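Me: I would like to go through the terms used for this structure one by one. Please show it.

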Amino acid sequence: MSNVPPRGTRIAHVGLAVTSLHETLPLYRDVLGLSEVPLDNADGACIAGLSAGDALVELLEAESPDSPIAKFIAKRGPGIHHICFSVDDLDATLERCRAAGVRLIDERPRLGAEGKRIAFLHPSSTAGVLVELSEH
Ligand code: ZN
C-alpha cells in the first residue's frame with residue numbers, strides 16, 4: 001500500500017467564532033486558565049491564541065462585516081467555527097481526501113497564519129464540521 005495515512009495527525013487548534021475578543025478572552029484566559037500566545041491575524045479575523053496543552057484554542061473575531069467569521073456568526077451565532085488537524089504531509093492528505101470524494105474548499109495548500117501550509121475541507125463532507133488541515 002503506497003498511500004497509507006501516517007498516524008501523526010493531531011489537533012492543532014480549535015477556532016471559536018466570537019462576537020468580541022474583549023468580552024470573551026477573560027473567561028478563557030483568566031477564569032479557565034489558558035495561557036495567551038501571540039498570533040497573527042488571518043482570513044479577516046483578529047485572533048487571540050490560547051495554549052491548551054499541545055493544542056491551541058483560537059478566539060476569532062471578525063475584522064469587518066463581510067469577513068468569513070462575521071458571516072458565520074450572522075448565520076449560526078457564536079460557537080465552534082472549525083477544528084484544525086496537523087498532518088505529516090498535507091499534499092498526501094489532500095490526495096487521500098480527493099480519492100475519498102471529500103469536497104475541498106482549498107484545492108491546493110495555501111499559506112495560513114504563522115506561515116504554515118493549510119487547506120480547508122468543506123463541512124458537507126466532514127459531518128458538518130469545517131476542518132482545516134495544516135502541516136507540522
Ligand atoms: Zn484555524
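Reply: Buried means under 20% relative accessible area, exposed over 50%, and partly exposed in between (1.4 Å probe, protein chains only). This is a predicted model, where local features need pLDDT of at least 70 and side-chain atom pairs count only at pLDDT 80 or more, while totals for chains, interfaces and linings use all residues. Residues are numbered from 1 along each chain as its sequence is written, and side-chain values use heavy atoms, with hydrogens and water left out.

Me: Are His13 and His82 buried or exposed?

Reply: Both His13 and His82 are buried.

Me: What makes His13, His82 and Glu132 donors of the zinc ion?

Reply: Donors are N, O and S atoms within 2.8 Å of the metal (3.2 Å for Na, K and Ca); water is not among the atoms, so sites may look incomplete. His13 (NE2), His82 (NE2) and Glu132 (OE) coordinate the zinc ion at 1.9 to 2.1 Å, so they meet the cut-off. His13 lies in strand 1 (residues 10-18) and His82 in strand 5 (residues 79-87), 69 residues apart. Strands (E, at least two residues) and helices (H or I, at least four) are DSSP runs, numbered from the N terminus.

Me: Which residues of helix 1 are buried, and why are they said to line one face?

Reply: In helix 1 (residues 21-31), these are Leu21, Thr24 and Leu25. Seen down the axis of helix 1, they fall within an arc of 105 degrees, so they line one face. The arc is that of the directions from the helix axis to the C-beta atoms. The face turned away carries the exposed residues His22, Glu23, Asp30 and Val31.
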